[in-house]
Structures are given as C-alpha cells and as structure tokens.
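Hi,

Here is the structure I promised to pass on.

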Amino acid sequence: MRTIGYVIGLLMVLLGLIWIGQGSGYFPYPASSFMIAQTIWMLWGAILAAAGIVVMVIISRRRRG
C-alpha cells in the first residue's frame with residue numbers, strides 16, 4: 001500500500017511540473033495544447049505538485065501495519 005501511495009504522489013508531482021512548464025511556455029508540447037502560456041496552469045500545477053509532496057510525506061510518516 002505504501003508503494004502505491006509513493007507512485008501516486010510521484011505522478012502528481014511530475015504532472016504538476018509538466019503543467020507548470022506548459023503554463024509558463026517553457027514546455028510547449030504538444031504545440032496545439034490549450035495549456036501553453038496560460039498562467040492559470042502554472043497555479044494548478046504548483047497546487048498539484050505540492051499535494052503530491054504532501055501525499056508522499058504522509059505515506060512516509062505512517063507506521064507499517
């Protein structure tokens with residue numbers, strides 16, 4: 001169960017970073033994406049990445065059961 005939590009948290013962080021990159025225009029792929037250079041996606045990406053970190057911290061602090 002811990003492994004699943006880590007994988008989900010890591011995917012959330014990676015997806016958040018991609019959203020930040022697309023929202024800022026530094027990662028313009030695919031070229032037809034509606035997210036490119038839209039600053040709201042930078043905010044959503046930061047929130048998602050932070051939530052992924054929180055998930056991983058909570059999972060790491062749980063006792064093995």
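**Notes on the helices and the loop**

Leu48 touches Met12, Leu15, Gly16 and Trp19, leaving aside residues up to four places away in sequence; contact here means heavy atoms within 4.5 Å. Leu48 sits in helix α2 (residues 39-61). With Gly16, the separation is 32 residues in sequence but 5.1 Å in space, C-alpha to C-alpha. Helices are DSSP runs (H or I, at least four residues), numbered from the N terminus.

Before you go further: this is a predicted model, where local features need pLDDT of at least 70 and side-chain atom pairs count only at pLDDT 80 or more, while totals for chains, interfaces and linings use all residues. Residues are numbered from 1 along each chain as its sequence is written, and side-chain values use heavy atoms, with hydrogens and water left out.

Next, Gln22, which belongs to helix α1 (residues 2-24). Gln22 has a relative accessible area of 5%, so it counts as buried (under 20%; exposed is over 50%, partly exposed in between, with a 1.4 Å probe and protein chains only). Not counting residues up to four places away in sequence, Gln22 touches Phe27, Tyr29, Pro30, Ser33, Met35, Ile36 and Ala37.

Two of those partners deserve a look of their own. Pro30, in the loop between α1 and α2, is joined to Tyr29 by a cis peptide bond, with omega about -10°. Ala37 is also placed in the loop between α1 and α2. Ala37 has a positive phi of about 60°, although it is not a glycine, and it is exposed, at 53% relative accessible area.

Cheers

Note on methods:
Helix = DSSP H or I, 4+ residues; strand = E, 2+ residues; numbered from the N terminus.
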